[in-house]
Amino acid sequence: KESQMHVPFFPGLSAVPASFCFFLALSLLLGYVISVAEGNVYPLLPFISDTGAKQPGSGFFGLFLELSTFSGGLTFLIKFHEVKERKRGASALNKAALVFGVVCGTGSLLVANFQDINESVIHSVGALMTFFGGVVYQYTVAALEKQQRGRFVALRFTIATLSLISLLAGLGCLVRANHMRPTLEELPPGCEVRLYHDGKIWPGYWRPCLAGYTFHTAAAVCEYMTVLLFIFFFMTFVPEFKYLHITEGGLLKREESINRGDYDSL
């Protein structure tokens, strides 16, 4: 018996990955706008974590990041059961995809609830879990679709590869920037700064007059690119999930998709 739940403009279960994209984008936008308006960050490409480090921006950032994590978790589960039913069982690769999805979601919750300015170690661990878990999840899903000859195989492998390149490049630039970040005694004359808990310049207010600014900006660009690629990857689930619905017996494909033969091409 089919569930009667329906979201306008989003047939089937396509609203689930769509909501992930919406809430994640909203968390980035509100965190940035509020933090810049409050003067908590330097306006030109601050790190995402820095826009969500201080109130009131951190409250909105954390709220919508948690909502996106919830939607992402549902997406992981739906994809797992969809592949399981198609393959008539849960393969090791499918289980691995779910595990890495859980790692990604857990890391996202840590990022949302432990701000970098207060709990930098926990926040950093959460960020690494989110990004690396998310990239590996992308590769495992792409590999699963390759086995099924899905239509998004090339696109998903491309997004996963670009995400990995952006992530590694960003980490390299971040390490270099932190190595060059000056202390209070090393500040050039007339350069306005905000201090971090370790006595160095707070990254959220890293200005062009400071050493390491170029690497800091490059790392921020890579961070935003990685998150945007995550959003693009989840957007590929939207047309796929529109053929799925929930029944009392579990997750099944829609009858009309069978008639058109569309579902097997996914």
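How many cavities of 30 Å³ or more does a search of the whole structure find? The search finds two. This is a predicted model, in which local features need pLDDT of at least 70 and side-chain atom pairs count only at pLDDT 80 or more, while totals for chains, interfaces and linings use all residues. Residues are numbered from 1 along each chain as its sequence is written, and side-chain values use heavy atoms, with hydrogens and water left out. Here is a short tour, from the whole chain down to single residues.

**The chain as a whole**

- The protein chain has nine helices and two strands; helices (H or I, at least four residues) and strands (E, at least two) are DSSP runs, numbered from the N terminus.
- Reading from the N terminus, the order of elements is α-α-α-α-α-α-α-α-β-β-α.
- Of the 266 residues in the protein chain, 48% count as buried; buried means under 20% relative accessible area, exposed means over 50%, and partly exposed is in between (1.4 Å probe, protein chains only).
- Among contacts in the protein chain with a separation of 6 or more, 67% are between residues 24 or more positions apart; a contact means heavy atoms within 4.5 Å.
- The protein chain exposes about 12,800 Å², and carbon and sulfur atoms supply 67% of that area; accessible areas come from the Shrake-Rupley method with a 1.4 Å probe, and for residues only the protein chains shown count as cover.

**The largest pocket**

- The largest pocket holds about 880 Å³ of space. On a 1 Å grid over the protein atoms alone, a pocket is an open set of points with protein on both sides within 12 Å along at least five of seven lines, a cavity is a set of points where a 1.4 Å probe fits but cannot get out, and lining residues have an atom within 4 Å of a point. Grid points are joined across faces, edges and corners, and a volume is the space filled by probe spheres set on the points.
- Lining the largest pocket are 43 residues, and Ser 49, His 123, Ala 127, Phe 131 and Glu 223 are the ones nearest its centre.
- At least two lining residues come from each of α1, α2 (48–51), α3 (57–86), α4 (92–113), α5, α6 (153–180) and α7 (213–235).
- By class, the lining of the largest pocket has 23 nonpolar, 16 polar and four charged residues. Ala, Val, Leu, Ile, Met, Phe, Trp, Tyr, Cys and Pro count as nonpolar, Asp, Glu, Lys and Arg as charged, and the others, Gly among them, as polar.

- The largest cavity has a volume of about 50 Å³, and its lining includes Phe 76, Cys 104, Tyr 137 and Phe 230.
- Helices α5 and α7 each give at least two residues to the lining of the largest cavity, which has six nonpolar, two polar and no charged residues.
- The second largest cavity has about 30 Å³ of space, and among the residues lining it are Phe 76, Lys 79, Tyr 137 and Leu 144.
- For the second largest cavity, α3, α4 and α5 each supply at least two lining residues; the classes are seven nonpolar, one polar and one charged.

**Residues in helices**

- Ser 35 is in helix α1 (residues 15–37) and counts as buried because its relative accessibility is 1%.
- Beyond its neighbours within four places in sequence, Ser 35 contacts Asn 40, Val 41, Asp 50, Thr 51 and Gly 57.
- Thr 69 sits in helix α3 and is buried, at 11% relative accessible area.
- The side chains of Thr 69 and Ser 108 are joined by a polar contact of 2.8 Å (a pair of N or O atoms within 3.5 Å; within protein, one must be able to donate a hydrogen and the other to accept it, and residues adjacent in sequence count only if both atoms are side-chain atoms).
- Lys 146, in helix α5 (residues 120–148), is exposed, with a relative accessible area of 56%.
- Leaving out neighbours within four places in sequence, Lys 146 touches Val 153 and Phe 157.

**Backbone points in the loops**

- Gln 55 and Pro 56 are joined by a cis peptide bond, with omega about 0°, and Pro 56 is in the loop between α2 and α3.
- Leu 45, in the loop between α1 and α2, has a positive phi near 50° although it is not glycine.
- Leu 45 is partly exposed, with 29% relative accessible area.
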